[in-house]
Amino acid sequence: MTANSKNIVPHLWFDKEAKEAAAFYTSVFPDSQVCSEIVVKDTPSGDCDLVSFDLWGQRFMAISAGPYFSFNPSISFMVNFDPARDENASKQIEEVWEKLSDGGQVLMPFDAYPFSEKYGWIQDKYGLSWQLILTNPEGDERPPILPSMMFIEENAGKAEEAVQCYLSIFKDSKEGVSAKYPAGMEPNQEGTVMFSDFMLRNVWLTAMDSALEHGFQFNEAVSLLVNCEKQEEIDDYFEQLSAVPEAEQCGWLKDKYGVSWQIVPKDLDEMMSENATQEQIDRVNQAMMPMKKLDVETLRKANEGR
C-alpha cells in the first residue's frame, strides 16, 4: 500500500455491517487486508465498530453507527483493471463483477461500451456502488481504485467548477483527463463533464455530471477523510471547505456541493487503532465528541491521559 492512499481515505457509514463488509471486500479484491478493528464506546449511536482496511492499495475506513445514512451512487468507486499492469486483468474484472453482483443491483450492465470493451456499474449487497472498467493500457496509469463523484440534481453541470474548487484548496493536486458531453445527449448539456479525473494530495479521484433524474444526492454515508500533519492544516481545510455550519461535528463538514469530508490529524489513526488501549480510545472519543473542528493538542492530551 502506498502512503498516498492514506492522505484521503474513503469513510463508509454502515448500520451494523462494517466488520462484515470489510471482510467481504477484502475477499473480493486482490492485495487486500483488514488492518484494524476497534470498538468506540458511548457515542450518540451507542457502541460502534470502527474498521480500517486496505483494498488493492487504497485505504478505507468503515463504521457501524446506526441506520442514519444510506449509500447511493452519488459517490461510487471506479476500479481500473489494467492489462498493462496485470496480464489477467480481463479475467479478473469478470471475477470481481461476479462477486460484487451477488445480492446486488446492476446500474449499468457489464458489457462492451465505446469507452471500454468491458465496463459495468454495480450496487453491491450493502448498497455501495462500484464502476469496474478494463482500462486502455496505452493511457496514463491510474491507481486501481478511485473515489468517483457524480454531480446530479441541483449540482448537475457543476463537476468542472467543483474540481477547480478542490484543486485550489488541496496541495499536491493536478488535473488529469476530461471528456465533455457532445451535442445530442440530452438531458445532459453540451460541454458539461462526461468524465474527468483529478489528483488531490497525490490521491486520484474522478468526477462527472449527470442531468438525469436520480432522486438522491451526496450524503454522509460516504465521506472523504483527510489526514493532516498539523493544526494549521486542519484549520485551513476546515475554513475553506465547510459550507454547512450545522453539519460541523467531530471533524466532519459538508462543502457547498453537499460532499461530506472529515478533517483529522494523522495521529488519530494511531490513537483509534488496535495499538491503543480501550481506555485511550474512550478518552480520545470523549474529548472529540463536543468538538466541531478537531483540536490536535486536546486529543493528544486525552490520548496520554493528562
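These legends walk you through several close-up views of a predicted model. Residues are numbered from 1 along each chain as its sequence is written, and side-chain values use heavy atoms, with hydrogens and water left out. Because the model is predicted, local features need pLDDT of at least 70 and side-chain atom pairs count only at pLDDT 80 or more, while totals for chains, interfaces and linings use all residues.

View 1. Contact means heavy atoms within 4.5 Å; axes are lines fitted to C-alpha atoms, for helices over the stretch in contact, and angles run from 0 to 180 degrees between N-to-C directions.

View 2. Look for Lys254, which stands opposite Ser260 in S15.

**View 3. Strand S9, covered on both faces.** Seven of the seven residues of S9 are buried, so this strand is largely enclosed by the rest of the structure. Buried means under 20% relative accessible area, exposed over 50%, and partly exposed in between (1.4 Å probe, protein chains only). One side carries Ile145, Pro147, Met149 and Phe151, and the other Leu146, Ser148 and Met150. In a regular strand, side chains alternate between the two faces of the sheet. S9 pairs with S5 in the antiparallel sense over five bridges, with Leu146 as the bridge partner of Met78. Four bridges join S9 to S12, and these two run parallel; Phe151 stands opposite Asp209 in S12.

**View 4. The largest pocket, about 1100 Å³ of space.** A pocket is found on a 1 Å grid over the protein atoms alone, as an open set of points with protein on both sides within 12 Å along at least five of seven lines; lining residues have an atom within 4 Å of a point. Grid points are joined across faces, edges and corners, and a volume is the space filled by probe spheres set on the points. Of the 37 lining residues, Met78, Phe115, Ile133, Met194 and Phe195 are the closest to the centre.

**View 5. Two buried residues, Ser196 and Arg201.** Ser196 sits in strand S11 (residues 193-200), and its relative accessible area is 6%. Not counting residues up to four places away in sequence, Ser196 touches Val163, Val177, Ser178, Leu205, Thr206 and Ala207. Arg201 lies in the loop between S11 and S12 (203-209) and counts as buried at 6% relative accessibility. With the sequence neighbours up to four places away left out, the contacts of Arg201 include Asp172, Glu233 and Tyr237.

**View 6. The largest cavity, with a volume of about 50 Å³.** A cavity is a set of grid points where a 1.4 Å probe fits but cannot get out. The lining is formed by Phe71, Asn72, Ser74, Ile75, Phe218, Asn219, Ala221 and Val222.

Notes: Two strands pair if DSSP finds at least two bridges between them.
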